[in-house]
Amino acid sequence: MNILCVCGLGQGTSLILRIHVEAVLKEMGVKAEVDHMDVSSAGGAAADLILTSRELADSLRADGKVKANIAVVNNYFDRQEIRAALESALKRSTAEEG
Amino acid sequence: MIRFLERPMIVLQSAAGEAEEAIRESGRLLERAGAVRPSYTEAMVEAYLRLGPYFVVAPHIALPHARPEDGVVQAAVSLVQLREPVRFGHAANDPVRLVFGIAAASSPQHIELVRRLSALLADETRQKQLMEVKDVESVHRWIREGSAP
């Protein structure tokens, strides 16, 4: 499973999200590759799941190029919110495979 | 070495009334410390105008930044605590009370800065404390308390 954390520049903001996503995945016992990237590169990147802010999620969806599931995280410091977003996205991808 | 919230890089009770002004103030603090060139501050403002307020990463907390090549001399973090909450246009996390200007010269430095900041802003109680401090001594005490093992 490939997870991509996306922000505007692919520098600081997506990195914060990535650090917390990696910590939460570890807690959950889920193995996944996590990367971070800027929104303009994310359109062409291979990923199963994209995590980002609402605004950037909307622009990725409007772009139409992205095939990955997109999940929105509002508070990048809130591990419970990140965990909930990951759990529901994982459930969705398992349902699609089944 | 990382210049992390040193005394001249902190402004409390800023009168900035707009997002652009608050971002610029956080950049000026980095400039004054010699951590970035003026081009970096302008790049932070430009990123906000072009890409939106996605760097408002949690309720009331903004981390404006640009790319290392936009003019970083040395890794640093500045703080602008706003007297009045300011709207940045973020659907979930407005209005902003704390603006951390972030400058990193490389990716590993960015990781280091972000880890330190995330640890300090660990929970809402800690965040609220910083929104309400009145003097720089209290900011530094807040940092020490948050860094304790």
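B:Gln13 counts as exposed, because 12 C-beta neighbours lie inside 10 Å, where exposed stands for 12 or fewer other C-beta atoms within 10 Å of a residue's own, buried for 20 or more and partly exposed for the range in between, with C-beta atoms placed from the backbone. This residue of strand β2 of chain B has a phi near 60°, a positive value in a residue other than glycine. The model is a predicted one, in which local features need pLDDT of at least 70 and side-chain atom pairs count only at pLDDT 80 or more, while totals for chains, interfaces and linings use all residues. Residues are numbered from 1 along each chain as its sequence is written, and chains are lettered from A and ligands numbered from 1 in the order in which they are written.

**Backbone geometry**

- Most residues other than glycine have a negative phi, and most peptide bonds are trans.
- B:Leu5, although not a glycine, has a positive phi of about 50°; B:Leu5 sits in the loop between β1 (3-4) and β2 (10-14) of chain B and counts as buried, with 21 C-beta neighbours inside 10 Å.
- The peptide bond from B:Asp94 to B:Pro95 is cis, with omega near -10°, and B:Pro95 is found in the loop between β4 and β5 (96-103) of chain B.

**Contact between the chains**

- Chain B contributes 21 residues and chain A 18 residues to the contact, two residues being in contact if their C-beta atoms, placed from the backbone, lie within 7 Å.
- On the side of chain B that touches chain A, α2 (38-51) and α3 (107-120) of chain B each supply at least two residues, and the largest share, five residues, comes from α3(B); helices (H or I, at least four residues) and strands (E, at least two) are DSSP runs numbered from the N terminus.
- That side of chain B divides into 14 nonpolar, five polar and two charged residues, where Ala, Val, Leu, Ile, Met, Phe, Trp, Tyr, Cys and Pro count as nonpolar, Asp, Glu, Lys and Arg as charged, and the others, Gly among them, as polar.

**Helix packing**

- Helix α1 (residues 13-28) of chain A packs against α3(B) at an angle of about 65°, with the axes 10 Å apart; axes are lines fitted to C-alpha atoms, for helices over the stretch in contact, and angles run from 0 to 180 degrees between N-to-C directions.
- α1(A) is therefore roughly perpendicular to α3(B), since angles of 65 to 115 degrees count as roughly perpendicular, under 35 as roughly parallel, over 145 as roughly antiparallel and the rest as oblique.
- Residues making this contact include A:Leu15, A:Ile16 and A:Ile19 of α1(A) and B:His110 and B:Ile111 of α3(B).
- The axes of helix α1 (residues 19-32) of chain B and α2(B) come within 9 Å and cross at roughly 155°, which makes α1(B) roughly antiparallel to α2(B).
- By class, the contact of α1(B) with α2(B) has eight nonpolar, two polar and four charged residues.

**Nonpolar core**

- A:Val6, B:Ala22, B:Val57 and B:Ala103 touch the most other members of the largest nonpolar core, which has 70 residues; such a core is a set of buried Ala, Val, Leu, Ile, Met, Phe, Trp, Tyr and Cys residues joined through C-beta atoms within 7 Å.
- Strand β4 (residues 76-86) of chain B gives the most to this core, with six residues.
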